[in-house]
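Trainee: Please take a close look at the aromatic part of this model. I would like one connected account.

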Amino acid sequence: MMNLTNSDYAHFFFNDYDLEAQLIAIHGFLGRSREREDEEAAEIKALARRAQEIGSEHLVGMYTDTVHASVYSDAARSAAAVGMLAPFVENLFTGIFRGIGEEEDDYLGRDKDSKRSTLSRAHFWNPHFAFTSSEVKTSLVDGIMQLADAAKLTPRLPTDTRKVLEALFEYRNGMLHNGFEWPPERREKFSDRIRSWEASWFISAQSGGKPWVWYMSEVFIARILNFIDEVIDGAGQHVHEVYFPDG
């Protein structure tokens with residue numbers, strides 16, 4: 001067998017779609033979006049300098065309006081970015097655990113085809129569900145972390161996996177349900193949540209000294225992209241060592 005990388009082995013879990021092609025499209029969009037953001041920032045700075053040089057109230061007003069509008073432009077780009085990254089990460093983990101579940105010959109009950117055995121197994125390998133002592137609840141982050149432990153995948157995942165997942169999906173949910181301008185209490189709550197993650201991961205436009213519109217920072221976007229690569233590498237390592245140890 002030819003020498004395969006961990007990324008090559010990870011495709012063992014993904015016969016139904018192409019990880020690399022999706023990532024190429026995501027990287028391409030993010031790169032073009034970043035270039036446009038830099039262009040807009042340069043245009044705003046030039047307008048500000050021009051207004052200051054000639055002391056024009058009209059230009060000052062245009063500058064103020066442009067800065068205000070740029071807040072929404074930045075929010076739109078951030079929403080588009082999280083709209084691609086969050087589903088990709090969700091599908092990545094779903095595919096990994098579906099693949100592991102298909103390889104593991106485990107079930108509950110002596111009849112693996114019984115209704116209870118079938119349903120239990122389906123819920124077990126679905127990362128959208130997490131198990132507590134009294135119930136099965138919907139919780140993607142908890143489900144991923146529980147399954148990583150159950151599959152002995154945790155040592156192969158990034159050490160900040162929970163933090164990245166919490167930050168990514170909580171921001172995704174905020175943008176999905178509230179748009180660009182979240183309710184004031186939601187903005188403040190998100191500000192508190194950031195203390196549990198990394199301060200550099202999110203930026204907020206301010207209004208009255210308080211958070212107004214939240215964006216993902218370039219630092220966090222870069223972390224997610226690297227995180228994806230690290231998870232794929234870890235999944236491939238798992239495939240290699242567990243299913244093809246002699247490969």
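**Aromatic rings**

Mentor: The structure holds 17 aromatic pairs. Rings of Phe, Tyr and Trp (its six-membered ring) pair if their centres lie within 6.5 Å; planes under 30 degrees apart count as stacked, over 60 as edge-to-face and the rest as tilted. F190 and W197 have ring centres 5.7 Å apart and planes at 65°, so this pair is edge-to-face. F190 and W197 are both buried (under 20% relative accessible area; exposed is over 50%, partly exposed in between; 1.4 Å probe, protein chains only).

This is a predicted model: local features need pLDDT of at least 70, side-chain atom pairs count only at pLDDT 80 or more, and totals for chains, interfaces and linings use all residues. Residues are numbered from 1 along each chain as its sequence is written, and side-chain values use heavy atoms, with hydrogens and water left out.

Now the cluster. Ring pairs join Y171, W182, F190, W197, W201, F202, W214 and F220. W182 also has a charge over its ring: the charged end of R186 sits 5.6 Å from the ring centre. The criterion is NZ of Lys or CZ of Arg within 6 Å of the ring centre and within 35 degrees of the ring normal.

F202 leads on to the strands. Its bridge partner in β4 is M216. Strands β3 (residues 202-207) and β4 (residues 210-216) pair in the antiparallel sense over 6 bridges. Strands (E, at least two residues) are DSSP runs, numbered from the N terminus; two of them pair if DSSP finds at least two bridges between them. The β3 and β4 hairpin has 2 residues between the strands, and G208 takes a positive phi near 65° there.

Key. Helices (H or I, at least four residues) and strands (E, at least two) are DSSP runs, numbered from the N terminus.
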